[in-house]
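Biologist: Could you take me through this model? I have the sequence and the coordinates open and would like to go region by region.

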Amino acid sequence: MQIAYHYLKLREFCGYAEKEPVEVSLEQLAEVLCCTPRNVKLIVKQCQELGWIEWQPGRGRGNRSIITFNMESENVIRSWVQTKIDKGQYSQAMELMRRYDPSSPLQQQITDSIYKQFGIQSTPTKKGHIDLLRLPFYREMPLLDPINATLRTELHMMGQLFDTLVEWDCSNAVFVPRLAVHWEQNGDGTVWMFYLRKGVLFHNKKELTSADVHHTLMRLSQLDSDCANQERDRLCSEWKVLHIREIEATHRYALRIQLAAPSSLLLHYLAAPKASIISCQTNENNERLPIGTGPFKLLRNDAEMVVLEAFADYYRERAQLDKVEIWILKELLTQKMSDGGLGGQPILYTHPFQIHAHAPKGTTIMEQTEGGCTFMIMNGRKQGPLQDPAMRRRLHKLLQPEQCVAELAGNRIGAAYSFFPDWSAAIAAQVTVESKVEHGTEDVETEQEVATSDTMVSLQTDGYQNSLQLYTHSILNNSLEQTAQWIQQRCESAGIPVHIHVLPYEQFSRPGAVDHADIVLLNAITTNNREWSLMHVLLYESYGVHRFVDPVLLIELDQRYAAIANETDSAARSVLLREVETLLLHHDALHFLYHLRHAAFYHPNLLGTEKINPYGWVDFRELSLRPE
């Protein structure tokens with residue numbers, strides 16, 4: 001509605017109330033509207049046709065025209081905003097409100113009208129009902145190609161849009177068939193055959209074949225060769241630990257994977273989100289609109305909205321929701337609802353499913369500890385103060401997880417001693433017992449540690465260039481930035497200066513972006529697939545722990561990875577995984593801080609919400625609406 005923009009510019013220039021004639025010249029209006037006098041006449045004519053103005057043209061050269069405004073600016077803004085809403089341009093609608101009159105009651109009215117559209121809807125049609133779930137979200141999702149999925153929401157979306165060859169069933173501790181209906185291995189575990197399910201369709205109605213699986217896995221293996229050519233990154237790729245020698249499509253529905261050595265990790269990796277199978281016929285916009293075989297297909301993914309539609313030809317049970325709309329509203333970072341919505345609580349939440357038009361009284365709040373934790377990586381490859389074990393140890397004693405949780409609170413639910421919350425709980429119990437025995441000794445610094453710190457402080461001659469450089473990335477609620485500031489305050493209280501760099505995640509996740517950090521602060525994401533989860537945290541190409549470990553420790557870690565891959569007993573493998581964490585802690589290569597919690601409530605007519613996945617969402621395929 002460009003005409004609304006022109007009208008508001010005219011009102012701003014003239015500055016008169018409605019029904020008051022104003023003398024103007026075409027030349028003046030041309031300058032205000034940044035156009036020619038001829039275009040001014042076209043704009044004036046359009047405003048006249050809409051009934052927004054009355055216009056009396058001046059007669060003869062030099063005679064001024066008279067314009068009278070008939071429409072209040074607020075009404076024009078409201079109409080313009082409604083046009084944006086009707087087109088699904090919700091973020092633009094809210095931006096218009098802020099631009100023209102942030103203090104106007106109209107802004108809250110428009111905001112409330114948008115928020116009231118969130119939730120569940122069931123619309124009757126000739127063939128039944130269209131069940132829709134509409135959610136707000138605070139950022140775009142430009143990277144939905146599985147190979148680039150690293151954040152919780154993108155990892156959740158992988159399960160809606162794609163399938164993997166196998167799936168890890170944690171309850172029964174077994175792998176179950178998905179796109180592969182059967183698999184087998186040779187005697188020494190170096191050759192694996194996977195047999196594909198027939199008749200599985202991609203969202204473009206093309207049938208899944210071994211060519212698609214081959215294409216997907218070769219992309220992942222290609223990361224190995226790319227990474228191997230980079231200096232100091234010889235083991236940065238998490239897939240390198242599998243030692244894949246060859247991948248071959250032996251039949252339309254069969255694929256062979258040959259390994260250089262047996263690996264008990266292969267199925268764990270094939271069940272990971274990054275191994276979601278994509279079509280070998282990629283489209284031009286594969287990042288935003290990838291083609292998968294999952295229960296939902298993408299209809300739209302842009303700066304305004306992500307729209308998913310149930311895939312009627314899905315090879316498993318059809319999703320009960322017909323459509324899911326996720327509106328991208330960056331205002332969620334700051335905007336608050338009125339008292340009429342959500343009991344007056346702010347719109348800003350950790351869990352987007354919480355947000356719907358009205359929170360019923362007596363609603364049960366569901367809480368769950370997130371998989372993973374917030375932790376610090378100490379860069380053992382960078383020359384500087386943290387090369388000294390005494391300095392790393394001093395930071396470890398300064399930054400007590402329990403104190404961090406107590407002072408920052410929020411969604412921080414408990415001190416972390418492991419990447420996995422249940423392992424943390426077991427270790428915490430042991431720490432409690434030991435602390436009673438050694439009470440009063442933990443926080444005492446040695447003379448060597450204090451001397452090391454004093455030496456470093458004396459080197460401060462060029463400002464923060466000689467400070468410890470802490471890198472983290474922006475996140476909803478600014479929880480990482482708040483934690484970084486807490487670390488800075490704790491360190492500076494002990495005479496250790498820290499400079500904080502908060503990068504957008506897109507920049508933070510680029511290979512090499514944080515290589516100059518002394519400390520990297522981030523959230524680890526883990527699932528019940530422990531083997532893949534831990535290896536992913538350690539070996540992720542851009543900012544995995546392995547990237548920052550000193551060369552001596554690297555050698556021992558490589559040996560531990562090989563032992564994990566060779567171990568066929570899951571219980572013994574779990575022990576080896578814990579030993580890797582212990583080894584890293586012993587060398588102060590990393591430092592655990594806290595676990596986070598999800599807290600959510602749901603509309604009572606939305607069924608299936610009790611199954612929160614490790615990423616803090618509920619799988620859309622599990623949801624359905626209670627008929628009314």
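Modeller: Let me begin with a term: two residues are in contact when they have heavy atoms within 4.5 Å of each other. Please also keep in mind that this is a predicted model.

Biologist: Among contacts between residues at least 6 apart in sequence, what share joins residues at least 24 apart?

Modeller: In the protein chain, that share is 68%.

Biologist: How many helices and strands are there?

Modeller: The protein chain has 18 helices and 23 strands. Of its 628 residues, 51% count as buried.

Biologist: Let us turn to histidine 595. Is it buried or exposed?

Modeller: Histidine 595 is buried, because its relative accessibility is 4% and the limit for that class is under 20%. Histidine 595 sits in strand S21, which covers residues 590–600.

Biologist: Which backbone oxygen lies 2.8 Å from a polar atom of its side chain?

Modeller: That oxygen belongs to glycine 372.

Biologist: And threonine 164, where is that found?

Modeller: Threonine 164 is in the loop that runs between helix H7 (152–161) and strand S6 (166–169). With a relative accessible area of 10%, threonine 164 is buried.

Biologist: What does threonine 164 touch, not counting residues up to four places away in sequence?

Modeller: Threonine 164 touches Arg178, Leu179, Leu270, Ala271, Ala272, Ala275 and Ser276. A polar atom of the threonine 164 side chain also lies 2.6 Å from the backbone oxygen of valine 166.

Biologist: Now a lysine. Is lysine 198 buried or exposed?

Modeller: Lysine 198 counts as exposed because its relative accessibility is 65%, and the class begins at over 50%. Lysine 198 lies in the loop between strand S9 (191–196) and helix H8 (210–228).

Biologist: Which residues is it in contact with, leaving aside neighbours within four places in sequence?

Modeller: Lysine 198 is in contact with Glu207 and Tyr253. Tyrosine 315 is 117 residues away from lysine 198 in sequence, yet their C-alpha atoms are 9.4 Å apart in space.

Biologist: Switching to helix packing, at what angle do the axes of H16 and H18 cross?

Modeller: The axes of H16 (residues 530–539) and H18 (residues 570–586) cross at roughly 25 degrees and come within 10 Å. Angles under 35 degrees count as roughly parallel, so H16 and H18 are placed in that class. The crossing of H16 and H18 is left-handed.

Biologist: Which residues meet there?

Modeller: From H16 there are Arg530, Glu531, Leu534 and Leu538, and these meet Arg573, Leu577, Val580, Glu581 and Leu584 of H18. The residues of this contact comprise five nonpolar and four charged, with no polar ones.

Biologist: Aspartate 515 next, please. What is its side chain joined to by a polar contact?

Modeller: The side chain of aspartate 515 has a polar contact of 2.9 Å with the side chain of arginine 547. Aspartate 515 is in the loop between helix H15 (505–508) and strand S20 (519–524), and counts as buried at 17% relative accessibility.

Biologist: Last one: where is serine 79 found?

Modeller: Serine 79 is in helix H4, residues 73–86. Serine 79 is partly exposed, with a relative accessible area of 32%. Alanine 4 lies 75 residues from serine 79 in sequence, and their C-alpha atoms are 8.5 Å apart.

Methods:
Residues are numbered from 1 along each chain as its sequence is written. This is a predicted model: local features need pLDDT of at least 70, side-chain atom pairs count only at pLDDT 80 or more; totals for chains, interfaces and linings use all residues. Side-chain values use heavy atoms; hydrogens and water are left out. Helices (H or I, at least four residues) and strands (E, at least two) are DSSP runs, numbered from the N terminus. Buried means under 20% relative accessible area, exposed over 50%, partly exposed in between (1.4 Å probe, protein chains only). A polar contact is a pair of N or O atoms within 3.5 Å; within protein, one must be able to donate a hydrogen and the other to accept it, and residues adjacent in sequence count only if both atoms are side-chain atoms. Axes are lines fitted to C-alpha atoms, for helices over the stretch in contact, and angles run from 0 to 180 degrees between N-to-C directions. Angles under 35 degrees count as roughly parallel, over 145 as roughly antiparallel, 65 to 115 as roughly perpendicular and the rest as oblique. A crossing is left-handed if the near helix is turned anticlockwise from the far one by less than a right angle, and right-handed if clockwise. Ala, Val, Leu, Ile, Met, Phe, Trp, Tyr, Cys and Pro count as nonpolar, Asp, Glu, Lys and Arg as charged, and the others, Gly among them, as polar.
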